[in-house]
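Dear colleague,

I am passing on to you the structure we talked about, with its sequence. My notes on it follow below.

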Amino acid sequence: MKAIEITKPFEIKIIDKEKPIINDGEALLKVLYCGICGADVASFTGNQPFTTYPRIPGHEFSAQIVEIPENDRGLKKGDVVTCNPYFNCGECYSCRRGIVNACTDNQTMGVQRDGSFQEYITMPVDRIIDGKGLSAQELALIEPFSISNHALSRAEVKQGDNLLIMGAGPIGLFALLKAKAMGANVAIADMLSSRLELAKEYGADIVINVKEQNLEKECHSFTAGNGFDVCVEACGAPETFLNCIDNAAHGANIILIGNGKRETTFVHSVILKKELNIFGSRNAFTKDFEELIELVKAGKVNPAKMISGIYDAKNAKTAFDTLVNNDGTLTKLLIKFSDAE
């Protein structure tokens, strides 16, 4: 079978490899569509600290079941599915407490282990998630959507809450879709007007271009001076984390999704003064995938609008190069491997 391999930074090859053999408790899946994650782009550019080379990327995907043992989950040959790609050890303190998304030895497909950018993969049956009739393209978007879904589940977002999202990249936009479905009033800030135009299309109540507008003034106006009930940091930058602290209401929840690489310096007394609740968020649970599939099936959210382009597998290098040079107008690019039968 064919697979897409990052052999070293900025080099992608289509390789031949043996079709996988299923072990006990596993199913054989034919990959349909894969999304290119920011982590995949980081592996491609040599900026992913957890990747070794060569590496087959990919953990956002849809697939069709080719072979599966009898199971109590109702999964059968021919079903179009997605999967939970975060492999946990099951033995560490986090796993023993059920916090499997934060396993101390987490291995995410496409990062610490080979991923889904290949024609066939095997997966443990308990990691396979019924697609409930969603299209293969929609299912390839559930994993990145689940990151935002899990993050918002860390705070008590209520109908009518004022919610600020710092960053209108894919994860920020997915957070916007979910927050609106939860009944929140959402402001989203970014420095790229193209991303903010997308945010308007996705239902943002207000968009703030931090290069052209005064963030504090706009936030003050939107919340009548009260500050935001929930702030979502989706950039991973010190500045945007501090923006969340500054614009949060007293007693607010701040959720960190962005993976930062720089140190943040601040006087922590403001956290005490406001009695802020600050949550980190990592990966997602299978229940996040299942919840989103039901939301999409019910027509309450439409993640397909996030698709900016679809590339055949043979053109994967072009797709990666396109994202490296993204001017902010692109959200999710999908790689097509096959059609469902």
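The structure holds eight aromatic pairs, a pair being rings of Phe, Tyr and Trp (its six-membered ring) with centres within 6.5 Å, stacked if the planes are under 30 degrees apart, edge-to-face if over 60 and tilted for the rest. The rings of phenylalanine 222 and phenylalanine 228 are stacked, because their centres lie 5.9 Å apart and their planes are at 20°. Phenylalanine 228 is buried at 0% relative accessibility, whereas phenylalanine 222 is partly exposed at 24% (buried means under 20% relative accessible area, exposed over 50%, partly exposed in between, with a 1.4 Å probe and protein chains only). One aromatic cluster is formed by Phe10, Phe44, Phe117, Phe320 and Phe337.

Please keep in mind that this is a predicted model, in which local features need pLDDT of at least 70 and side-chain atom pairs count only at pLDDT 80 or more, while totals for chains, interfaces and linings use all residues. Residues are numbered from 1 along each chain as its sequence is written, and side-chain values use heavy atoms, without hydrogens and water.

Best wishes
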